[in-house]
Amino acid sequence: VKNRLKVLRAEYDWSQRELADRLGVARQTIVALESGKYAPSLPLAFKIGKIFGKTVEEIFDADSVD
Amino acid sequence: MNETTNPTARASRRYLIEFGIAMTAYLAVVGLSVWVLRHLVTSGPLYYLIALLPVVPIVFVLVAVVRYLRASDEFTRIVQLEALAASAGITALLAVTYGFLQGVGFPKPSAWWTYLVVMVAWGVASPIVARRYR
């Protein structure tokens, strides 16, 4: 799923490690999410939205889902 | 949440510690059981029981693996389970292949190889699976 995770992370000036720690996941999970090759579960997507103060749709591109 | 409170990072650290303890215990128990079987107990039911003692720390290795998988984040779990599934497939394929070779005269291998092949294949498959998501 295409997403704005990398852009948002840059806006907050967070490293992948920092975002991983805030979400309680591994750094390689952030790498996979940012590449768009891994679609997060609903709970993780909501958690990401909460951290950036945005809705899931504002971060993840619904049109990129097959 | 920082690196020390990140549950996934904590799970990895705990796994390494538990794995290290279990493997140390395994080496100690193997050494002890070999010595006992050579010098103290040479027959009877106790002989077989002592020969099986090293399985106990191996069970703890498996418990550590399960605890690690359950405590990891969803993506890590998916990658590790895909790698584990691949290792099961590779082991099954090797077993069938060698089974046919045994039919034409190849020697009977030790049952030990199964464990070794599963673990090595898992270790090799894990970074390959993770790479597909980069």
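How many residues does the contact take from chain A, and how many from chain B? It takes 18 from chain A and 15 from chain B. Contact here means heavy atoms within 4.5 Å.

A word on the model before going on. This is a predicted model, where local features need pLDDT of at least 70 and side-chain atom pairs count only at pLDDT 80 or more, while totals for chains, interfaces and linings use all residues. Residues are numbered from 1 along each chain as its sequence is written, chains are lettered from A and ligands numbered from 1 in the order in which they are written, and side-chain values use heavy atoms, with hydrogens and water left out.

Now the interface. Chain A and chain B bury about 1,300 Å² between them, and 52% of that is on carbon and sulfur atoms. Buried area is the accessible area (1.4 Å probe) that two parts lose on being put together, summed over both. Three residues, A:Asp21, A:Gln28 and A:Tyr38, supply 39% of the area that chain A buries against chain B, more than any other three.

A salt bridge is a side-chain nitrogen of Lys or Arg within 4 Å of a carboxyl oxygen of Asp or Glu. Polar contacts do cross over: 10 residue pairs, both residues at pLDDT 80 or more. Such a contact is a pair of N or O atoms within 3.5 Å; within protein, one must be able to donate a hydrogen and the other to accept it, and residues adjacent in sequence count only if both atoms are side-chain atoms.

Which elements give two or more residues to the side of chain A that touches chain B? Helix 2 (16-23) and helix 3 (27-34) of chain A. Helix 2 gives the largest share, 5 residues. Helices (H or I, at least four residues) are DSSP runs, numbered from the N terminus.

Those two helices also pack on each other. Their angle is about 105°, with the axes 8 Å apart. Axes are lines fitted to C-alpha atoms over the stretch in contact, and angles run from 0 to 180 degrees between N-to-C directions. Helix 2 and helix 3 of chain A are therefore roughly perpendicular, a label for 65 to 115 degrees.

Next, a link inside chain A. The side chains of A:Glu34 and A:Arg9 meet in a salt bridge, 2.5 Å from N to O. A:Glu34 sits in helix 3 and A:Arg9 in helix 1, 25 residues apart.

Last, A:Asn3, in the segment before helix 1 (5-12) of chain A. Its side chain reaches the backbone nitrogen of A:Leu5 at 3.0 Å. A polar atom of that side chain also lies 2.8 Å from the backbone oxygen of A:Leu33.

Technical notes
Angles under 35 degrees count as roughly parallel, over 145 as roughly antiparallel, 65 to 115 as roughly perpendicular and the rest as oblique.
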